[in-house]
Amino acid sequence: MRLSRYFLPVLKETPSEAQIVSHRLMLRAGMIRQQAAGIYSWLPLGFRVLKRIEQIVHEEQQRAGHIPLLMPTLQPADLWRESGRYDDYGEEMLRITDRHKRDMLYGPTNEEMITDIFRSYVKSYKDLPLTLYHIQWKFRDEIRPRFGVMRGREFYMKDGYNFDLTKEDALHAYNRHLVSYLRTYERMGLQAIPMRADSGPIGGDDTHEFLVLADTGESEVFYDSKVTDIRLGNREIDYDSHDQCREVMEEFTSLYARTDETHDEAAFDAIPDERRRSARGIEVGQIFYFGTKYSEPMGATVVNDQGERVPVHMGSHGIGVSRLLGAIIEASHDDKGIIWPEGVTPFPVGIVNLKQGDAEADAACENLYKAFMAKGLEPLYDDRNERAGGKFATMDLIGLPWRITVGPRGLKNGVVELTSRRTGVSEELAPDVAVERVAEIYANL
Ligand code: 5CA
């Protein structure tokens, strides 16, 4: 993408309405625009990151054997009357009446609808286990939408639902989701710690939230600092293996880590002093096991191998896809702007031409551009007629992890400059070596 032809409305001024750094930076970097309280347009740069995050979520869900589908944003109220949640959900639910005076709602979550799909088609235990998920816009009429995409009213969520014959199988689905979520967040350059939480309006007893530690987080959390040393890394996990998934779940959840809703002072005090932490965190996901809470009232049953009709055991599992942009920025920025982890960056590399119009510099940039495209990496090329300082400031603000600077002086010596946004360290390299270096980094992700 050539910046001269792109739509990147960066702001010079710091917007006064934004209270936290991720919101400020998303507005300044021209990623989002507020259209109403808690409702945003995703401008091209923000949209690219949203799609990168969505892609990682899809890949990791499907790696775990979960099947994508797409349900609508608008739902008939009658489904929610069946589960009893139409009245329970309260003012957070946006209720709509259509021209035929039918009650509708903008879905805050999809337990009822997925249960309806399941009961319409699946009749036998032989079709289990089954996990269906989608990534779709949700609406919750939050009383205090704030912090940009962090607490929106309209927000993008991955929600998945498992259907199993027994509680044991459903707990495997729970553990499998926990493992797949850990991998998902690590690919985004994030550490998200599973913490025992409260299930709220979704219901059930077993639930973990995934928290990214950040001072601006809305949740109060308590944990043993040893949990922050655990990483999933590149372990090979067999998602069908109950034992393997349970072992990972136990490894990540045995140490004390809880949100304030389930905090237990006595257990917390038992942690050695030097490891006892209380902090704030951003909730980027939550998994639930709730047994037959929806399948029973809604008649989602299968015939088991004894010929008996039994309600299926279910859980639901959510990732805050749009909130993740805020969480990643909170965890990865400096005073100049965003620092995208390679896994989610809107463009893998930026090219800055220090002397636009200089035949040699222009040609070198065009060659770099083509070389990156040939490797499947689309650069953002700042080909505007601007001062170098302004170009650097824009690149730093939008946070591409790698920048190649091209100028007549370097070209005389046959080199360009490759700079890491994270460390600020620059290296002079021949252009083809710089391309190889960057390509290698992305190939190894
Ligand atoms: N049905 C279940 C699991 S699919 C569910 O809705 N879970 S949830 O309520 O915990 O939401 C899942 C994730 O969506 C949360 O962990 C959070 O990351 C994100 N989320 C929830 N509310 C908002 C909001 N108002 N703005 C942005 N993201 C949100």
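A polar contact is a pair of N or O atoms within 3.5 Å. The model described here is predicted. In this model, an oxygen atom of the ligand lies 2.8 Å from an N or O atom in the side chain of Arg-140, so the pair falls within the 3.5 Å cut-off.

**Contacts of the ligand**
- A polar backbone atom of Gly-152 is 2.8 Å from a nitrogen atom of the ligand.
- The side chain of Ser-316 has an N or O atom 3.5 Å from a nitrogen atom of the ligand.
- On its own, the ligand has 590 Å² of accessible area, and the protein covers 96% of that.

**Surroundings of the ligand**
- The ligand takes up the space of the largest pocket.
- Strands S8 (154-164), S13 (276-291) and S16 (313-320) are the elements that each give two or more residues to the shell around the ligand.
- The most comes from S13, which gives five residues to this shell.
- In total, 22 residues surround the ligand, and the closest are Thr-109, Glu-111, Arg-140, Gly-152 and Glu-283.

**Helix H2**
- Helix H2 has 20 residues, 44-63, and at 1.5 Å a residue it should span 28 Å.
- Among the buried residues of H2 are Leu-45, Val-49, Leu-50, Ile-53, Ile-56 and Val-57.
- Glu-54, Glu-60 and Gln-61 of H2 are also buried.
- Gly-65 follows H2 and has a positive phi, near 90°.

Terms used: Residues numbered from 1 in each chain as written. Predicted model: local features only at pLDDT ≥ 70, side-chain atom pairs only at ≥ 80, totals over all residues. Heavy atoms only, no water. Helix = DSSP H or I, 4+ residues; strand = E, 2+ residues; numbered from the N terminus. Expected span 1.5 Å × (residues − 1). Buried < 20%, exposed > 50% of the residue type's maximum accessible area, 1.4 Å probe, protein only. Near = heavy atom within 4 Å. Polar contact = N/O pair within 3.5 Å; in protein donor to acceptor, adjacent residues only side chain to side chain. Areas by Shrake-Rupley, 256 points an atom, 1.4 Å probe, with all protein chains shown as cover. 1 Å grid on protein atoms, 1.4 Å probe; cavity = no way out; pocket = protein on both sides within 12 Å on 5 of 7 lines; lining within 4 Å. Sits in = over half its atoms within 2 Å of the grid points.
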